[in-house]
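Work through the exercises below with the sequence and the model side by side. Try each task before reading its solution.

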Amino acid sequence: MEYQALYRKYRPQLFEEVVGQSHVTNTLVREIAEGKVAHAYLFAGPRGTGKTTSARLLAKSLNCQNPPGGGEPCNACDSCLAIVNGSSFDVTELDAASHNSVDDIRDIKVSVTTVASVGGAKRVFILDEAHMLSKAASNALLKTLEEPPEHVHFVLATTEPYKLLDTIRSRSQRFDFHPVSVEALTDHLAGVAKLESYTVAEGALQLVARHAAGSVRDSLSLLEQVAALGDGSVDPAAVNRALGLADRDVFARLAVAVGEHDARTALELVATLAGNGVDLRRFISEAIAFFRGVFLAHYAPNLEEVADEPADILADWRAVADTLSVSDVIRSMDVLSDGLLRLREGREERLMTEITLLKLTRPEIAADVPSIQARLDTLERRVSAIARQAPTLSADAVPAPTPTLRPSVPAGSPRSIPGTESTGEEPTAEAPVGAVPVSSKPETPMSEPSGAPASGAGGDGAPTGDVDLAAFKRIWPALSARIKDELGNRRHALFREARPGLVDGATLVIHVPSHLGFHLEQMVSDPQFAAAVSAEASSLLGGLVAARFVADNADQASPVELGVDDDDDEETDKDRMAEAGEVDDPVGLVEDLLGGEVIEES
């Protein structure tokens with residue numbers, strides 16, 4: 001007898017021999033035993049999971065001349081042997097991919113009307129790849145499929161059931177065949193290898209089963225290929241050579257290179273794989289699966305229940321998850337997926353693989369969002385490390401608190417600044433409005449660690465050198481941005497009209513255009529405004545400074561600056577409004593103040 005492929009030689013001849021589909025076979029056996037067989041079945045599932053085999057077993061059981069009972073065929077009578085050999089007149093197998101026209105369905109309808117070759121026998125029509133039927137052919141099959149003669153049964157097998165018409169699916173009893181688990185495939189391969197007298201090394205059959213993707217037929221084909229390569233010997237090295245796979249430790253080395261941003265190791269890895277004849281496209285695909293496992297290890301404590309993998313693979317995933325952050329894992333899967341798409345487009349494999357691994361290990365060369373996020377995460381880790389290493393100041397080293405400074409208020413002022421109630425005593429020190437120490441503002445994540453003096457400041461919080469107008473102008477953009485974050489859009493709309501004026505000792509004089517009297521009044525009357533500006537400016541300049549707002553055409557402090565109550569002198573407000581002139585863009589002014597926009601004008 002000529003040689004037969006393993007998947008044909010070991011095709012199941014009983015329902016109990018079908019691997020991993022007990023939910024289907026148990027139901028069919030019970031229906032056959034009880035005589036409740038449906039007129040039409042739809043077998044759906046991935047390739048190599050037993051759809052056509054189960055259809056043939058159904059035909060054998062329905063036509064078995066000496067049924068042993070329990071719904072199984074005897075495999076010894078003439079009918080069973082004829083179906084096994086493909087010579088039965090009562091079982092018709094059609095490939096719907098090549099018989100998908102209306103004329104082909106018309107021939108089936110004619111055959112349906114004929115009687116079985118043996119009295120009491122059943123006629124079974126098996127349509128493989130049923131989703132390939134044209135729409136017209138599917139509609140032509142509907143009536144026959146719904147009400148066939150009593151001795152006729154249909155079995156439609158397909159890998160893509162969603163392509164079938166709803167009217168066909170509703171007329172059939174559907175069974176879904178699942179991918180076979182790695183454990184079940186390994187046991188099945190072990191039995192076949194024993195019957196074929198193969199020499200099997202530990203872990204080799206598991207490796208074959210993992211790469212069969214749940215298909216029994218694929219697993220037997222791979223086993224046959226590896227055994228032929230190894231002259232009857234099956235070991236992991238032979239499996240890797242036959243399938244062009246990388247060794248398992250390669251992916252752990254790749255993960256280390258990603259975590260350490262080691263581009264050299266990644267490129268050396270590609271060179272080694274290419275030199276060993278590894279399929280680089282499959283390597284990228286396997287790397288995606290590996291990082292998916294690491295991702296699961298981060299979030300699934302019950303990893304054994306989530307992943308159908310052996311214990312050593314799960315241990316590798318957990319080990320890498322302990323050293324690689326979630327953001328790096330997700331970015332790795334994204335970059336590898338993009339690289340796999342480029343490889344599938346037919347581009348030069350080694351070059352695309354090298355570029356992909358460079359993007360993995362050097363995020364700075366990529367401008368996508370995950371790479372930028374990876375760089376930010378790296379900076380945060382470095383800042384945290386610096387903060388942990390910074391020495392903690394002892395109680396003796398903490399500088400004495402700065403005395404509270406009160407603003408200078410001219411004698412006879414009708415309104416006092418909040419917090420400066422008259423006590424009958426002269427203040428011990430004077431400072432411009434809004435003076436606050438640098439330490440009163442929390443530092444940003446990129447600032448120096450807590451406990452260290454501000455950059456450029458002495459131990460007493462004063463600037464190390466004179467603050468000049470050039471330094472004031474240099475920090476102005478950053479100061480404006482911080483004011484927006486600190487006080488919000490409405491107050492920032494007032495502040496952005498101001499400009500650096502001059503520096504008076506430790507006081508920053510900020511000029512507000514003379515026609516924006518309302519802006520100036522709002523900033524001066526709001527104590528939080530001056531305090532926030534002083535704090536942010538002190539942080540940027542590295543020392544204690546204060547802020548004062550004045551009109552840009554005033555040589556001396558205006559009444560608004562000094563805190564004069566507007567209600568006491570209504571004429572002053574009218575005069576100031578008259579001097580301010582007409583506002584160029586009142587709508588824009590309202591938008592800036594309220595932080596909104598005009599939707600519709602009426």
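**Exercise 1. Find the distance in the salt bridge between Lys-143 and Glu-147, and say whether these residues are buried or exposed.**

Solution. 
- Step 1. Apply the rule: a salt bridge is a side-chain nitrogen of Lys or Arg within 4 Å of a carboxyl oxygen of Asp or Glu.
- Step 2. Read the pair. The side chains of Lys-143 and Glu-147 meet at 4.0 Å, N to O.
- Step 3. Check the cover. Lys-143 is exposed, and Glu-147 is too. Buried means under 20% relative accessible area, exposed over 50%, and partly exposed in between (1.4 Å probe, protein chains only).
- Step 4. The rule gives 18 salt bridges.

A note on the model: it is predicted, so local features need pLDDT of at least 70 and side-chain atom pairs count only at pLDDT 80 or more, while totals for chains, interfaces and linings use all residues. Residues are numbered from 1 along each chain as its sequence is written, and side-chain values use heavy atoms, with hydrogens and water left out.

**Exercise 2. Which parts of the chain does the salt bridge between Glu-536 and Arg-482 tie together?**

Solution. 
- Step 1. Get the distance. The side chains of Glu-536 and Arg-482 meet at 3.3 Å, N to O.
- Step 2. Locate both ends. Glu-536 lies in helix α23 (527-541) and Arg-482 in helix α20 (469-487), so the pair ties together parts 54 residues apart in sequence.
- Step 3. Compare cover. Glu-536 is buried at 3% relative accessible area. Arg-482 is partly exposed at 24%.
- Step 4. Look for a network. Salt bridges that share partners join Arg-248, Asp-312 and Asp-316 into one.

**Exercise 3. Which residues of helix α5 are buried, and what do they pack against?**

Solution. 
- Step 1. In α5 (102-112), the buried residues are Asp-104, Ile-105, Ile-108 and Val-112.
- Step 2. They lie on the same side of α5, because they cover an arc of only 95° around the axis. The arc is that of the directions from the helix axis to the C-beta atoms.
- Step 3. Their packing partners are β2 (91-95), β3 (123-128), α6 (135-146) and β4 (152-158).

**Exercise 4. Where does Ala-213 lie, and where does His-261 lie?**

Solution. 
- Step 1. Ala-213 is in the loop between α9 (204-210) and α10 (216-229). His-261 is in the loop between α12 (249-260) and α13 (263-275).
- Step 2. Ala-213 has a positive phi of about 55° although it is not a glycine. His-261 also has a positive phi of about 55° without being a glycine.

Terms used: Helices (H or I, at least four residues) and strands (E, at least two) are DSSP runs, numbered from the N terminus. Contact means heavy atoms within 4.5 Å.
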